[in-house]
Amino acid sequence: MKDGVIRFHEQDSEVKKVMYSRDLTKPLVFTSNFDLYSPAPLNWGDTFAWDMASNTTKPEDFPVVCRDIIPEYGRHVMKLGMELLELLSEALGLDPNHLKDMDCYKGNMLLCHYYPTCPEPELTMGTTGHCDATFLTVLLQDHIGGLQIHHQDNWIDVPPIPEALVVNIGDVMQLITNDRFKSAEHRVLANNIAPRVSVACFFRADLRSQEKLYGPIKELLSEDNPPRYRETSFADFVAYFNAKGLDGTSALQHFKL
Ligand SMILES: O=C(O)CCC(=O)C(=O)O
Ligand SMILES: [Fe+2]
């Protein structure tokens with residue numbers, strides 16, 4: 001999978017620009033710098049994004065250099081994520097199907113990141129600190145390193161472990177569990193040694209639906225544990241998150257009661 005991502009990103013810009021867009025609602029998009037229009041230094045990274053929920057994507061729509069692997073990886077990571085949703089439901093004392101039945105996977109997205117070698121890494125970031133606007137993120141990183149997690153006011157390295165995946169809780173999981181599960185703030189350093197590749201599978205609800213509302217799960221609430229967040233559609237959460245940008249503040253604050 002990592003080779004497939006390298007094959008895509010190391011194509012000529014002329015080939016890639018055909019897929020370039022800043023509209024991540026398109027099924028397959030090549031894009032750059034989540035924060036292109038923010039005043040802060042630009043993030044040093046490109047992304048090839050697949051909206052896994054789009055049922056209009058045909059195998060031949062994928063770029064030929066990674067057509068063999070991206071849909072297959074997508075199937076495997078989806079299966080793993082469903083099992084994780086079951087385990088997390090059980091950990092909350094709920095029926096194993098609870099999170100799956102909340103459709104925490106119906107708007108999934110696969111983000112294939114490529115962070116080019118950066119001549120002046122101290123002036124920017126691969127990705128600035130943020131929590132994901134997801135329930136869950138399953139992350140595959142290569143051997144280069146640079147991923148860090150914010151813990152007790154320090155940024156701690158998450159060293160790559162061969163064959164291992166990193167699983168992050170996202171903001172919307174924190175919201176529906178009323179802070180039982182905390183979202184993990186993370187960032188990626190830029191480096192001047194070698195390009196870095198990672199693949200994030202975002203477990204999300206369907207962004208096309210405004211009907212379903214996500215608030216703290218009723219079974220987890222009690223007199224001593226009243227709801228801490230208001231309900232929101234997944235689409236509204238993501239719209240707020242994207243409009244705010246990666247400015248180091250938590251999108252969850254906006255939904256606090
Ligand atoms: O590249 C990484 O390791 C992290 C990517 C990330 O944080 C994201 O896609 O939200
Ligand atoms: Fe992230």
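**View 1. Leu 110 is in contact with Trp 50, Met 52, Ile 70, Gly 74, Val 199 and Cys 201, leaving aside its neighbours within four places in sequence.** Contact requires C-beta atoms, placed from the backbone, within 7 Å. This is a predicted model: local features need pLDDT of at least 70, side-chain atom pairs count only at pLDDT 80 or more, and totals for chains, interfaces and linings use all residues. Residues are numbered from 1 along each chain as its sequence is written, while chains are lettered from A and ligands numbered from 1 in the order in which they are written. Trp 50 stands opposite Leu 110 in S3. S2 and S3 pair in the antiparallel sense over six bridges; pairing takes at least two DSSP bridges.

**View 2. Leu 110, Leu 111 and Val 172 touch the most other members of the largest nonpolar core, which has 57 residues.** Such a core joins buried Ala, Val, Leu, Ile, Met, Phe, Trp, Tyr and Cys residues through C-beta atoms within 7 Å. At least two core residues come from each of helix H1 (2–9), strand S2 (46–51), helix H3 (70–91), strand S3 (109–115), strand S5 (136–141), helix H5 (171–176), strand S10 (196–203) and helix H6 (234–244). Helices (H or I, at least four residues) and strands (E, at least two) are DSSP runs, numbered from the N terminus.

**View 3. Six strands form an open sheet in the order S1-S2-S3-S10-S5-S8, with antiparallel pairing.** The edges are strand S1 (28–32) and strand S8 (166–169). Each has a single partner strand, so one side of each is left without a neighbour in the sheet. Neighbouring strands of this sheet are turned by 20° against each other on average, direction ignored. H3 packs on the sheet and touches S2, S3, S5, S8 and S10. The direction of H3 makes about 135° with that of S5. Axes are lines fitted to C-alpha atoms, for helices over the stretch in contact; angles run from 0 to 180 degrees between N-to-C directions.

View 4. Three bridges join strand S6 (residues 147–151) to strand S9 (residues 186–188). Gln 148 has Arg 187 in S9 as its bridge partner.

**View 5. S6 and S7 form a hairpin with two residues between the strands.** Gln 152 takes a positive phi near 45° in this hairpin. The strands run antiparallel and are joined by four bridges. His 151 has Asn 154 in S7 as its bridge partner.

**View 6. Ligand 1 is surrounded by Leu 111, His 113, Thr 127, Asp 132, Leu 139, Gln 141, Leu 147, His 186, Val 188, Ser 198 and Ala 200.** Shell residues have a C-beta atom, placed from the backbone, within 6 Å of the ligand. S3, S5, S9 and S10 give two or more residues to this shell. By class, the shell has five nonpolar, five polar and one charged residues. Ala, Val, Leu, Ile, Met, Phe, Trp, Tyr, Cys and Pro count as nonpolar, Asp, Glu, Lys and Arg as charged, and the others, Gly among them, as polar.

**View 7. Cys 131 lies in the loop between S4 and S5.** Cys 131 is buried, with 24 other C-beta atoms within 10 Å. Buried means 20 or more other C-beta atoms within 10 Å, exposed 12 or fewer, and partly exposed in between, with C-beta atoms placed from the backbone. Not counting residues up to four places away in sequence, Cys 131 touches Gly 170, Asp 171, Ser 183, Ala 184, Glu 185 and Ser 250. Cys 131 and Thr 249 are 118 residues apart in sequence and 9.2 Å apart in space, C-alpha to C-alpha.

Note on methods:
Two residues are in contact if their C-beta atoms, placed from the backbone, lie within 7 Å.
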